[in-house]
Amino acid sequence: NSDMTLSIRLIPYSKDLWMLVARDVSRLVRLEEMRRDFVANVSHELRTPLTVIHGYLDMLDAEDYPDLAPVLAEMSRQSDRMSNLVEDLLTLSRLEAQGITIERNRVDMHGMLNTLRADAEGLSQGRHTILVEGLTDVDVLGSAQELHSAFSNLVSNAIRYTPTDGRIIVRWYRTGDGGAVLSVADTGFGIPPSHLPRLTERFYRVSNSRSRTSGGTGLGLAIAKHILNLHDAHLEISSEVGLGSTFSCIFGPSSVLDAATQLAHHTP
Ligand code: ADP
């Protein structure tokens, strides 16, 4: 049956015997596809009504309705929040789609670091010390747009979960095995160890009032993880409550480019 999906595992049984376990997971795979399609369709359908609501809210000038000013401000805030959620859900559905491929271009990491510095400064508005440092001659093979969205999510989390006067440090450095790491460290609130393994699940948030009022969607790290996985990279998180957190995007050698490395389609 060509539609059947089997999960096959080889398990040691005794000293020189192995057990082959084949499980029909077709139904699970189909259900997962249905869930993905459903979320993508609903999110897409929500876009138009939200655009209309935004449009009318923009037309209502708070100065003409002084009594309603706080109500209009809250309606605006909540509809922005809903739009962010819908856009994040659409991004996640796109990244979860099977067989998705990404561009494989040289991503100028020096330019990326400058963009991340500007992102951080814009969000912090002078409330934090921001340090961005790293290699200027090592690049990544992939999609600049997708990578920026993964990295900038880590930067905005670092700002969001770090009190005023804290420090945010973005670093880009090589590992011994030919790979490279983009890390975002903060001196913020930190995350209790029990939450770390589940942090990249959709909608998973550390249950404290800070996460609830931060204005995030709870989808940022799930999106970042997917983007990194498409780049031969993965996310490692270390954190200590009260001291801060470090989110490291670890790239394998196959997606790291030295200045001297020529891309096949760039060679004359
Ligand atoms: P959110 O939109 O809620 O920020 P994310 O997926 O980006 O969603 O993050 C999930 C949760 O991880 C957050 O709600 C927060 O509790 C925790 N978190 C993420 N980054 C940090 C950080 N730098 N410091 C402390 N907690 C963090």
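**Entry 1: a term first**

I call a crossing left-handed if the near helix is turned anticlockwise from the far one by less than a right angle, and right-handed if clockwise. I also remind myself that this is a predicted model.

**Entry 2: helices H2 and H6**

I looked up helix H2 (residues 69-96) and helix H6 (residues 220-229), whose axes come within 10 Å and cross at roughly 30 degrees. Angles under 35 degrees count as roughly parallel, and H2 and H6 are therefore roughly parallel to each other. Which hand does the crossing of H2 and H6 have, left or right? I find that H2 and H6 cross in the left-handed sense.

Next I listed who makes the contact. From H2 come Asp 88, Thr 91, Leu 92, Leu 95 and Glu 96, and H6 brings Ala 222, Ile 223, His 226 and Ile 227. Sorted by class, the contact of H2 with H6 holds 5 nonpolar, 2 polar and 2 charged residues.

**Entry 3: the sheet**

I then turned to an open sheet of 5 strands, with the order E4-E6-E7-E9-E8 and mixed pairing. Which are the edge strands? They are strand E4 (129-134) and strand E8 (233-240), each pairing on one side only. I noted that neighbouring strands of this sheet are turned by 10 degrees against each other on average, direction ignored.

Inside the sheet, I followed strand E6 (residues 167-174) and strand E7 (residues 180-186), which pair in the antiparallel sense over 7 bridges.

How many bridges join E8 to strand E9 (residues 244-251)? I find 8 bridges, and the two strands run antiparallel. His 234 is a handy place to look, as this residue stands opposite Ile 250 in E9. The hairpin of E8 and E9 has 3 residues between the strands, and there I spotted Gly 242 with a positive phi near 85 degrees.

**Entry 4: aromatic rings**

Last, I searched the whole structure for aromatic pairs and found 2. In one of them, the rings of Phe 151 and Phe 251 have their centres 6.3 Å apart and their planes at 75 degrees, so I log the pair as edge-to-face. Phe 151 sits in helix H4 (residues 144-160) and Phe 251 in strand E9, so the pair ties together parts that are 100 residues apart in sequence.

Key
Residues numbered from 1 in each chain as written. Predicted model: local features only at pLDDT ≥ 70, side-chain atom pairs only at ≥ 80, totals over all residues. Heavy atoms only, no water. Pairing = 2+ DSSP bridges. Helix = DSSP H or I, 4+ residues; strand = E, 2+ residues; numbered from the N terminus. Axes fitted to C-alpha atoms, helices over the stretch in contact; angles between N-to-C directions. Parallel < 35°, antiparallel > 145°, perpendicular 65-115°, else oblique. Contact = heavy atoms within 4.5 Å. Nonpolar A, V, L, I, M, F, W, Y, C, P; charged D, E, K, R; others polar. Phe/Tyr/Trp six-rings, centres within 6.5 Å; stacked < 30°, edge-to-face > 60°.
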